[in-house]
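Student: Please take a close look at the side-chain contacts in this model, beginning with the aromatic rings and going on to the charged groups.

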Amino acid sequence: MIENSKITPLVSVILPAYNGGKELSLAIQSIEQQTYQNWELILMDDGSTDGSLELMESLTDPRIKLFSDGVNKGLSQRLNEAVSKTKGQYIARMDADDIAFPKRLETQVNFLEKNKDIDLVGCRAVAFRENGKIIGLLPFASDHISMTAQVWRNIPLPHPTWMGKASWFKENPYADPEVRRSEDQELLLRTHSFSRFACLPDVLFGYRQGPFNFRLTMIARKALYIEQVRYFKKQKEWKNIFNASIVSTIKIIVDCIATIPGCQALFFQRMSEDVPEKVKQELNQALDKSE
């Protein structure tokens, strides 16, 4: 455990929460139990009505800072507000229903300290269902070149696992109006040509995956496709518009098939990579703490 906070950079963890429910407590607990202790947690309540605000107000750790105005503004606006309130050298993302494994912050800080050319680093994440059943690992690419080789498809850097230079977040805010359910991909696409991304091979994160929802999936597909066309048109990358159109069409066909009873597994095929036993144990230990 890193104990001397005077020689380690402050990490600002930003966590927007809208009706986080019982999972919110576990998400916050996973930050409190990090081996890296020089952090501040910026909690941005987004007009919760399910008791989440009362839970956040009950927290006594002085490193936790709560902001609430009782209004529901949406994820992107809350993320930008959170970034503006940070004091850390690095900023880390966290979602209200996920779990950061104990060495997440320590490992990402060490990487960024040793690789000053990297603006944003993620980590591998294990996807699991509400009942704790493991689905698999999220798609992975380790370096900037491989990650951005097919930007017309997507950029595989799981949003809740991001940690990056505070200056990068402040110079590149999330889009407003919000790109619904694709705000992360829009930001990566908009910045990839002048930024450097990386993703650690270590599984340091538990990603809670909800059931397949066709309507929400279509909202994300449409929003990302519009932004891709807008970006590629501005860059005069006509071939990429063609490629994005083909890929989007194929994905929508798969989504439609996934609505057929018994075919939902098609949607989760991209998360089907086997999970190491050690990771399963770490996730189960974290989930046991919530019971």
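Tutor: In this predicted model, the count of aromatic pairs comes to five. One of them joins W168 and F197 in an edge-to-face arrangement, with the ring centres 6.3 Å apart and 90° between the planes. This pair links distant parts of the chain, since W168 belongs to helix 6 (residues 166–171) and F197 to strand 9 (residues 197–208), 29 residues apart. W168 and F197 are both buried. Together with F169, W168 and F197 make up one aromatic cluster.

Y231 and F232 also pair: their ring centres lie 5.7 Å apart and their planes meet at 70°, which is over the 60 degrees required, so this pair is edge-to-face as well. Y231 has a relative accessibility of 12% and therefore counts as buried. F232 is buried too, its relative accessible area being 0%.

Rings also take part in contacts with charged groups. The charged end of R63 is placed over the ring of W39, 3.8 Å from the ring centre. R129 lies over the face of F268, and here the distance to the ring centre is 4.7 Å.

Next come the contacts between charges. Side chains of opposite charge can pair when their charged atoms come close. Across the whole structure, 16 salt bridges are found. In one of them, R78 is bridged to D69, with 2.7 Å between the closest N and O atoms. R78 counts as buried because its relative accessibility is 1%, whereas D69, at 41%, counts as partly exposed.

Another salt bridge is formed by D119 and K165, where the closest N and O atoms are 3.7 Å apart. This one connects distant parts of the chain: D119 is in the loop between helix 4 (104–114) and strand 6 (120–128), and K165 is in strand 8 (residues 163–165), 46 residues apart. D119 has a relative accessible area of 14% and so is buried; K165, at 23% relative accessibility, counts as partly exposed.

K280 and E277 are three residues apart in helix 10 (residues 277–288), so about one helical turn separates them. K280 is partly exposed, with a relative accessible area of 29%. Finally, salt bridges that share partners join D46, D69, K73, R78 and E81 into one network.

Definitions and conventions:
Residues are numbered from 1 along each chain as its sequence is written. This is a predicted model: local features need pLDDT of at least 70, side-chain atom pairs count only at pLDDT 80 or more; totals for chains, interfaces and linings use all residues. Side-chain values use heavy atoms; hydrogens and water are left out. Rings of Phe, Tyr and Trp (its six-membered ring) pair if their centres lie within 6.5 Å; planes under 30 degrees apart count as stacked, over 60 as edge-to-face and the rest as tilted. Helices (H or I, at least four residues) and strands (E, at least two) are DSSP runs, numbered from the N terminus. Buried means under 20% relative accessible area, exposed over 50%, partly exposed in between (1.4 Å probe, protein chains only). A charge sits over a ring if NZ of Lys or CZ of Arg is within 6 Å of the ring centre and within 35 degrees of the ring normal. A salt bridge is a side-chain nitrogen of Lys or Arg within 4 Å of a carboxyl oxygen of Asp or Glu.
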